[in-house]
Amino acid sequence: MSSRHRALDHFGQNVRKRRTGKGLSQEALAEKADLDPTYISGIERGVRNPSLLSIVRIAKALGTNSADLFEGVRA
């Protein structure tokens, strides 16, 4: 697996961990972040490369900051 894919996997895992920790479904997070649920699913599975604006929306919807979503992500 390339480092790009590892980075996306780690980022997605962080989103999933924080989402489930808040008791939110993917649909609920998508609604709060004004994104499509399938987009959230793709991010969590590491198959989508979210834009900066999407990352900011997700972080805000999760009540955290963007930097927290990058914990453990290596270039």
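**Briefing: helices, burial and backbone geometry**

Val56 belongs to helix H4, which spans residues 52-62. The model described here is predicted. Helix H3, covering residues 37-44, is largely enclosed by the rest of the structure, because six of its eight residues are buried. Arg19 is likewise treated below, as a buried residue with a relative accessible area of 9%.

- Between the C-alpha atoms of Val56 and Asn14 the separation is 14 Å, and the two residues stand 42 residues apart along the chain.

**Helix H1 and Arg19**
- Arg19 is located in helix H1, which comprises residues 3-21.
- The relative accessible area of Arg19 is 9%, so this residue counts as buried, the limit being under 20%.
- Leaving aside residues up to four places away in sequence, Arg19 touches Leu24, Ser25, Gln26, Leu29, Glu44 and Leu62.

**Helix H3 and the residue that follows**
- The buried residues of H3 are Tyr39, Ile40, Ser41, Gly42, Ile43 and Glu44.
- Glu44, one of these buried residues, is also among the residues that Arg19 touches.
- Gly46 follows H3 and has a positive phi, near 80°.

**The loop between H2 and H3**
- Asp34 is situated in the loop that lies between helix H2 (26-33) and H3.
- Although Asp34 is not a glycine, its phi is positive, at about 55°.
- Asp34 counts as exposed because its relative accessibility is 57%, and exposed means over 50%.

Conventions. Residues numbered from 1 in each chain as written. Predicted model: local features only at pLDDT ≥ 70, side-chain atom pairs only at ≥ 80, totals over all residues. Heavy atoms only, no water. Helix = DSSP H or I, 4+ residues; strand = E, 2+ residues; numbered from the N terminus. Buried < 20%, exposed > 50% of the residue type's maximum accessible area, 1.4 Å probe, protein only. Contact = heavy atoms within 4.5 Å.
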